Amino acid sequence: MRVFTAHVNVARQKRRLIKAVRFYPLLVGAILAFAYLFGAFEERVDPLIARDTLITSLYIWVGVVPTLFIIAFVLLARATDKESQKITSERFKSAAANPFLLPSEKMHGYKLALITNRPPTLTGLTGDSYSSDDQAVCSEDDQHVPPVLDCECGFYAYKDYEEAKFELSLNPSAFLIDVDLFGLGLVYKRGYRAESQVVNQLLLPKRCMRCHLMPAQIFVADYQIGFGDSLWWRWQIRCTFCSRGVKEKNRMSIAEMKKALAIAQ
Ligand SMILES: [Zn+2]
Ligand SMILES: [Zn+2]
């Protein structure tokens, strides 16, 4: 909470500074007009304001003020860096609190998965595929037995169903799965990262993933072009209407899909 408040303050100062910078050319224009009106640019015997004073204040506005703005931006950038370092270190501190103790709570949670390829496979949003009962592997370092504290490896899950459901609304082509995590686990505020994972349940949407209106009834595979022209199959659950015309080999009932993924429920 403290970190969050500090972040808001730095962000607010930055907004203020940017507003002030936008205002600066207007002020310079106003000062030039002012100087002109008071005769700074002509030879008057008896000007209202001494010419030197006007010229000096112009130098200040043109030279000193932008320098001050630059200094303020540098200081703010440094504050932002420090802050993000602090957030990262606090996050790891909370993760590192009990990393080598067996977690005191059962690591049960929810997460998002795509169903890809043939035969159908569970695939995380980061692109790593896994079976319904699997050990995590590290894609960065083959010396790692996940989860490793300063790496990102391991199986992740949200503790909270509502949070996973919110993520699902941002990734409508994914499915929600109910999982238990085992082995060495790191406990975060929002969830877990652990060594192994068992998928308990495939939670299906009520409505068709294509028309979003009719009841979801059958899995169909359609293909999508992935990165670098690689062709990959993605499974969706659709209504009878939206699955019309899909070849028999590209269709699967819900029971068949659960059997193919080796998920009990
Ligand atoms: Zn790793
Ligand atoms: Zn439909």
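**Figure 1. Ala262 in the segment after helix H4.** Ala262 is found in the segment that follows helix H4 (254–261) of this predicted model. Its phi is near 60°, a positive value in a residue other than glycine. Within 10 Å of Ala262 there are 11 other C-beta atoms; because a residue with 12 or fewer is classed as exposed, Ala262 is exposed.

**Figure 2. Strand E1 and its pairing with E6.** Strand E1 covers residues 108–116 and is mostly covered, with seven of its nine residues buried. E1 runs antiparallel to strand E6 (residues 175–187), and six bridges join the two. Gly109 stands opposite Val179 in E6.

**Figure 3. The hairpin of E1 and E2.** E1 also pairs with strand E2 (residues 121–123), in the antiparallel sense and over three bridges. Ile115 stands opposite Leu122 in E2. The two strands, E1 and E2, form a hairpin with four residues between them.

Figure 4. Asn117 counts as partly exposed, with 15 C-beta neighbours inside 10 Å. Pro119 is placed in the loop between E1 and E2 as well. The peptide bond that joins Arg118 and Pro119 is cis, with omega of about -5°.

**Figure 5. The cis peptide bond at Pro147.** Pro147 lies in the loop between strand E4 (133–135) and strand E5 (155–158). The peptide bond from Pro146 to Pro147 is cis, and omega is near 0°.

Key
Residues are numbered from 1 along each chain as its sequence is written. Chains are lettered from A and ligands numbered from 1 in the order in which they are written. This is a predicted model: local features need pLDDT of at least 70, side-chain atom pairs count only at pLDDT 80 or more; totals for chains, interfaces and linings use all residues. A residue is buried if 20 or more other C-beta atoms lie within 10 Å of its own, exposed if 12 or fewer, and partly exposed in between; C-beta atoms are placed from the backbone. Two strands pair if DSSP finds at least two bridges between them.
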